[in-house]
Amino acid sequence: MSDLVQSPAWKALAAHQAGIKKRSLRELFCEDSKRFDKLSVQLDGLLLDYSKNLLTEETLELLLKLVRQSKLDDWTAKMFGGEKINSSEHRAALHMALRAPRGASMLVDGVDIVPEVHQVLDRVRHFSEAVRNGVLRGYTGKPFKDVVSIGIGGSALGSLMVTEALKPYGNLKLNAHFISNVDAANLTETLKRLDPESTLFIISSKTFTTLETLTNARSARDWLVANLGSDGAIEKHFVAVSANLVEAKKFGISREYTFELWDWVGGRYSFWSAMGLSIVLYVGMDNFERMLAGAHAMDNHFRETPLERNMPVILGMIGIWYANFFGATTYAVLPYDDYLKYFPTYLQQLEMESNGKCVDRNGQLVDYATGMVLFGEAGTNGQHSFYQLIHQGTQMVPADFIVSVDSHNAMGEHHAILVANCFAQAEALMLGKTMEEARAELVAQGLDDGELELMLPHKVLPGNRPSNTLLFDQMDPYSMGMLVALYEHKVFVQSVVWNVNPFDQWGVELGKQLANKLLPEIQEGRHVVVHDSSTNGLINHFIERSV
């Protein structure tokens, strides 16, 4: 058994869980009228209510003992200090520097990187304002009306998610589009709607070698040149965000239109940098900087706030409580905000790519769960889809509800209905419906005894389903920054306890390597026998059937 599973803090939690699992949330709320006050915390217009969880103050004390045993403070100091805690890639993980204010200092290899960050941000401001104001134009002199961001994974998801989330702050003169899938349909259907004379492309690739991104980028370049009739159009219509300036230049993008990224920025943490250029073009640099300020506020909260009131620590440890001591394998993120519809998708990468590991930092196989499968959908759509399983299914699915006090769209009673549904779902998951309550309801409906007994089991909801609720004053750029940084640090907390490296993703690489081997076989159309029988059969069938 691992040191973690054999540790005193872990064993104490395991013993404690045996008693807690017999309790009900109904009982816990009845026993303590101040439970909400004790189990909620606020920061800058954000309220985290974690009172609807299967835990007590004693549970929290034990969870925090596990945090302290894991030396979270030491690991946090290493991360913010620029140490190379991404050990498998020998890199720092200092995305917090991307939102550090001007004049702050953060070091990597003895070099203060904050001035470099702001130099690039200043270039981003200058470029974005020139585009937004119509000063910077396309090859034929037309102002840009459409911005197409081409990337994948961390070079795409964050910008897509934030651009949609901050749509109320968007520039009505600029349309934002995102191309990530190498399926030609993604690019083709987008280009159909665009005028090449007024389209700006952003190639977002840290390495500038990613197959999907470069394939889409080359096809977009071909489309532009074919329509505008000159290779000279490339320099006017293509921008790059990359750490590989040499390859960007080979592609045909001028240094003036290339924005630098650093190796200490992980892809899924990169939209705070110039990788968020599409966000800046859409919402403006002032709003982007407000988002950075919100993230920086959460960074400070994480570093400075005692563990008992620390939002990322609380969320992270609640997740560990369910994953490791209740055996939960999935959890739901449920934003009651249509602008946040891509937030669960973004978190899928952040959480599962970071902590979906089966070996610890020392390369040893773990004997405990690391992470849960994350899914979600904007409310109220999800209520008419998968909520049934969460309410009455056979497995525990912890949930995070996210909603705002104020809507950007004051239209009749829409927002009141939305909020009522959000709060009601969290309450329903907690309370459920007892046999007695279901019986009384059916009696009131006038059912005869036979029909009542038939219906009764189906109307009972077990309840005791845990959830957190995040309530914002309004989902503005500052709140957006806080929200994302909250989940970033939550993931880091869990990685420290599980002793895994959350900043690499070697599991992603194998499929890429094998695809590179299969590609020439498929393109050349030759019969193959070198793989397993299934892969051979699929390739050969494809070749035989393809036109």
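All five of the five residues of strand β8 (residues 238-242) are buried, so the strand is largely enclosed by the rest of the structure; buried means under 20% relative accessible area, exposed over 50%, and partly exposed in between (1.4 Å probe, protein chains only). Strands (E, at least two residues) and helices (H or I, at least four) are DSSP runs numbered from the N terminus. This is a predicted model, in which local features need pLDDT of at least 70 and side-chain atom pairs count only at pLDDT 80 or more, while totals for chains, interfaces and linings use all residues. Residues are numbered from 1 along each chain as its sequence is written, and side-chain values use heavy atoms, with hydrogens and water left out.

- β8 pairs with β7 in the parallel sense over four bridges; two strands pair if DSSP finds at least two bridges between them.
- A right-handed β-α-β unit is made by β8, helix α12 (residues 245-251) and β9; a crossover is right-handed if, with the strands pointing away from the viewer, the path from the first strand over the helix to the second runs clockwise.

**Salt bridges**

- Side chains of opposite charge can pair when their charged atoms come close.
- The whole structure holds 29 salt bridges, each defined as a side-chain nitrogen of Lys or Arg within 4 Å of a carboxyl oxygen of Asp or Glu.
- K142 and E197 form a salt bridge, with their closest N and O atoms 3.5 Å apart.
- This pair links distant parts of the chain, 55 residues apart: K142 is in the loop between α7 and β5 (146-150), and E197 is in the loop between α9 (184-191) and β7 (199-204).
- K142 is partly exposed at 35% relative accessibility, and E197 is partly exposed at 24%.
- E164 and K341 form another salt bridge, their closest N and O atoms being 3.7 Å apart.
- Because E164 lies in helix α8 (residues 157-165) and K341 in the loop between β10 (330-335) and α16 (343-355), the pair ties together parts 177 residues apart in sequence.
- E164 is buried, at 13% relative accessible area, whereas K341 is partly exposed at 33%.
- Salt bridges that share partners join R125, E129, D286 and E289 into one network.
- R125 and E129 are four residues apart in helix α7 (residues 114-132), so about one helical turn separates them.
- E129 is partly exposed, with a relative accessible area of 33%.

- R35 is placed in helix α4 (residues 35-38).
- The residue R35 is buried, its relative accessible area being 6%.
- Apart from neighbours within four places in sequence, R35 is in contact (heavy atoms within 4.5 Å) with L25, L28, F29, S51, N53 and L55.
- R35 and Y50 are 15 residues apart along the chain, and their C-alpha atoms are separated by 9.6 Å.
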